[in-house]
Amino acid sequence: MSQTLNHYLLNVGEHDKTRLSILSDIYNSGSRAFIERSTSHAPTHILDIGCGHGQMTQWLAKQFPQAQVTGIDVSTEQLDMSRANCTMPNVSFVQHDFTQGVLKHTAVDLVYIRYVLLHVKNWQTFFDNLLQSIAPDAKILIEEPGFPFFCYPSNEQLEKANRLGCQLTRQLGLNYDCIEPLWHKVTHCERFKINQVNFTQPLLKSPEEKSILWRSFIQIAQPLIALGFASEEEVNAILAELVNIANDQHSIVGSLRLIQLNLSALPLSSAAQHE
Ligand SMILES: C[S@@+](CC[C@H](N)C(=O)[O-])C[C@H]1O[C@@H](n2cnc3c(N)ncnc32)[C@H](O)[C@@H]1O
């Protein structure tokens, strides 16, 4: 239990290229529809926070060509991938961690965050810094997941993988099952107005889409062993079964459910009036 682990458990850069690309194929159409129905006015400055490899940053820049779009990530490797992938002229990429400080971009009127908060320990600091970095009435669109993955026919090894993932991340002070705490956060913070809320949960159909199960689990295999949550044999048995599920044409698999939150930031003075 002595190993020190970075709070971002997953691979970055080239080492997570395939998984992030498959995830984008699975979720992007739903994310695009969510953003389209949530933006009645054309934004002028957009932040894509935790942009990863920049797939959604690039789409935001195409969708809103009059806007300046900034992809933010804490990881330089991820930003290198984003820069290599991005061809739009109205995009820039900046390294920043909202748990560490404010970003001076006060004209930001649209913020997009997908699959990021599950990797963030201190949401209070993250949101405090974010709210100081954007226009007082900016729109904030968030898509974050809740566990578990599921499949039919149900599978004990997949259930074990879900349990281990939650145990490991809780031990590290994170919450991969973040829908309930996120809902609690936005309903108990006077700085947010909830405009709309929705869930989405795409079905994983092809072996490639279903490979998300083992591609995600393999990245937490070493930490699980190192921290004593599972033996190497247990981890290998789970991985073998997740590969079987991916290749079994009779299994249907659900990706992680996402909550889609359409929020407006409230200025401090308005927030006080709402109390
Ligand atoms: C799973 S990826 C999601 C990428 C992208 N949003 C998407 O949906 O394809 C999570 C990203 O969040 C970044 N990240 C994690 N913690 C962060 C923080 N505190 N500030 C900025 N980025 C962070 C990671 O480096 C990683 O690139």
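A polar contact here is a pair of N or O atoms within 3.5 Å; within protein, one must be able to donate a hydrogen and the other to accept it, and residues adjacent in sequence count only if both atoms are side-chain atoms.

First, the ground rules. This is a predicted model, where local features need pLDDT of at least 70, side-chain atom pairs count only at pLDDT 80 or more, and totals for chains, interfaces and linings use all residues. Residues are numbered from 1 along each chain as its sequence is written, and side-chain values use heavy atoms, with hydrogens and water left out.

Confidence next. pLDDT is the predictor's confidence in each residue, from 0 to 100. The chain averages 93, and 95% of the residues score at least 70. Residues 1-5 stay under 50; they have 8 contacts (heavy atoms within 4.5 Å) beyond four places in sequence. Where pLDDT is low, the predicted coordinates should not be read in detail.

Asp73 uses a polar side-chain atom, 2.6 Å from a ligand oxygen. Val74 has a polar backbone atom 3.3 Å from a ligand nitrogen. Taken alone, the ligand exposes 600 Å², and the protein buries 97% of that (Shrake-Rupley, 1.4 Å probe).

On to a sheet. Strands are DSSP runs of E, at least two residues; helices are runs of H or I, at least four; both are numbered from the N terminus. Two strands pair if DSSP finds at least two bridges between them. E6 pairs with E9 (residues 252-254) over 3 bridges. Phe150 stands opposite Gly254 in E9.

Last, backbone geometry. Most residues other than glycine have a negative phi, and most peptide bonds are trans. Phe147 to Pro148 is cis, omega near 5°. Pro148 lies in the loop between E5 (139-146) and E6. Tyr152 to Pro153 is also cis, omega about -5°. Pro153 is in the loop between E6 and H5 (156-171). Tyr115 has a positive phi of about 55°. Tyr115 belongs to the loop between E4 (110-114) and H4 (123-133).
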